[in-house]
Amino acid sequence: MRSSLILLGALLLAGCAATSAAPPAPQLFAESYGAKPRNAETLYVIVHGDGMAGTSTDLAEFARALAASEPRSAVVRLLRPGYADEQGNQSPGLRGAGTGDDYTPDRIAQVAQSIAALKARHRRARVVAIGEGGGAAVVANLAGLRPNLIDGMVLVSCPCSLPEWRRYMAGRAKPAQPWREKVASLDPLQTAGGIAPDLRAALVSGAEDKTVPARFARAYAEALSLRGIATDFRILPQQGSQILDDPQVIEATRRLAAALPRKVS
């Protein structure tokens with residue numbers, strides 16, 4: 001009788017666990033370029049920005065250029081939750097208003113889940129996440145929350161000091177109120193403490209960027225360096241906010257990947 005009760009209790013606990021566990025979020029839209037998963041030595045995952053005026057969520061051109069420069073690499077562009085590209089592809093979920101409001105734990109978890117699935121397919125590859133604008137903030141937070149997920153990150157035009165950047169934008173944007181509202185987004189400076197000590201980082205900003213001035217990335221780069229994280233911080237002279245396609249970004253990305261140890265097959 002006792003064993004039957006123990007078995008029944010175990011079944012009930014299992015049933016409760018099954019019903020209380022949240023179902024996995026749907027996979028984000030992903031498009032691949034370059035080497036096949038079994039041949040890739042490096043997996044680059046590109047995370048786009050917030051889709052503000054003058055920006056694009058379709059980073060296919062950059063993905064193709066990076067794949068061409070790194071023949072043994074696989075390059076994947078992800079669409080963040082709720083975003084669509086110019087071809088009509090769309091990821092499930094809700095996107096934010098583009099005011100630094102959707103770097104939230106649930107959205108970061110969706111990006112992390114998609115990268116984890118890609119990592120499982122590219123078993124021989126080192127993983128480098130590349131983020132632009134708001135996508136850079138997502139990648140930076142992800143590195144702090146999931147320290148074993150990626151090996152390196154390249155942050156382009158990163159609003160990595162989030163509260164300070166939003167205050168700056170509130171002084172520039174019209175209307176300013178959306179930038180002053182409280183948000184649930186995570187600040188990369190606050191999650192930096194969780195980053196793995198062997199991760200490598202590269203940050204690239206434009207000297208003339210008025211949307212995300214370089215000082216917001218500099219503060220984050222300094223915080224990483226103080227923690228002993230190998231960090232390359234560069235400011236491109238006479239460049240504004242649209243710098244992802246600058247050859248120096250690809251060069252910084254390749255340099256970072258070359259410094260990572262190769263995985264044992």
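Tutor: Let's go through confidence, a strand, a disulfide, aromatic pairs, the cores and some backbone details.

Student: What should I know before reading the model?

Tutor: This is a predicted model, where local features need pLDDT of at least 70, side-chain atom pairs count only at pLDDT 80 or more, and totals for chains, interfaces and linings use all residues. Residues are numbered from 1 along each chain as its sequence is written, and side-chain values use heavy atoms, with hydrogens and water left out.

Student: What is the mean pLDDT of the chain?

Tutor: The mean is 89, and 88% of the residues reach 70 or more. pLDDT is the predictor's confidence in each residue, from 0 to 100. Where pLDDT is low, the predicted coordinates should not be read in detail.

Student: Which strands does β2 pair with?

Tutor: β2 runs parallel to β3 (residues 73–78), joined by 6 bridges. β2 also pairs with β4 (residues 126–132) in the parallel sense, over 6 bridges. Two strands pair if DSSP finds at least two bridges between them. Tyr44 stands opposite Val75 in β3, and Leu43 has Val127 in β4 as its bridge partner.

Student: New topic: how many disulfides are there?

Tutor: The search of the whole structure finds 1. A disulfide here is a pair of cysteine sulfur atoms within 2.5 Å. The disulfide joins Cys158 to Cys160, with 2.0 Å from S to S. Both cysteines are buried.

Student: Is that disulfide left-handed or right-handed?

Tutor: The torsion about the S-S bond of Cys158 and Cys160 is about 90 degrees, so the disulfide is right-handed.

Student: How many aromatic pairs does the structure hold?

Tutor: There are 2. In one, the ring centres of Trp165 and Trp179 are 5.2 Å apart and the planes are at 90 degrees, so that pair is edge-to-face. Trp165 is in helix α5 (residues 162–170) and Trp179 in helix α6 (residues 177–180), 14 residues apart. Both Trp165 and Trp179 are buried. Tyr168 and Phe216 form a tilted pair, 5.7 Å centre to centre with 55 degrees between the planes. Tyr168 lies in α5 and Phe216 in α8 (residues 215–226), so this pair ties together parts 48 residues apart in sequence.

Student: What are the cut-offs for those pairs?

Tutor: Rings of Phe, Tyr and Trp (its six-membered ring) pair if their centres lie within 6.5 Å; planes under 30 degrees apart count as stacked, over 60 as edge-to-face and the rest as tilted.

Student: Which residues touch the most other members of the largest nonpolar core?

Tutor: Ile150, Met153, Leu155 and Tyr220 do, out of 50 residues in that core. Helix α4 (residues 134–145) gives the most to this core, with 7 residues. Apart from it lies another core of 25 residues, among them Leu66 and Leu256. A nonpolar core is a set of buried Ala, Val, Leu, Ile, Met, Phe, Trp, Tyr and Cys residues joined through side-chain atoms within 4.5 Å.

Student: Last one: where is the cis peptide bond?

Tutor: The cis bond joins Lys174 and Pro175, with omega about 0 degrees. Pro175 lies in the loop between α5 and α6.

Student: And what is phi for Ser157 and for Gln238?

Tutor: Ser157 has a positive phi near 55 degrees, and Gln238 has a positive phi of about 60 degrees. Most residues other than glycine have a negative phi, and most peptide bonds are trans. Ser157 counts as buried at 3% relative accessibility, whereas Gln238 is exposed, with a relative accessible area of 75%.

Definitions and conventions:
Helices (H or I, at least four residues) and strands (E, at least two) are DSSP runs, numbered from the N terminus. Buried means under 20% relative accessible area, exposed over 50%, partly exposed in between (1.4 Å probe, protein chains only).
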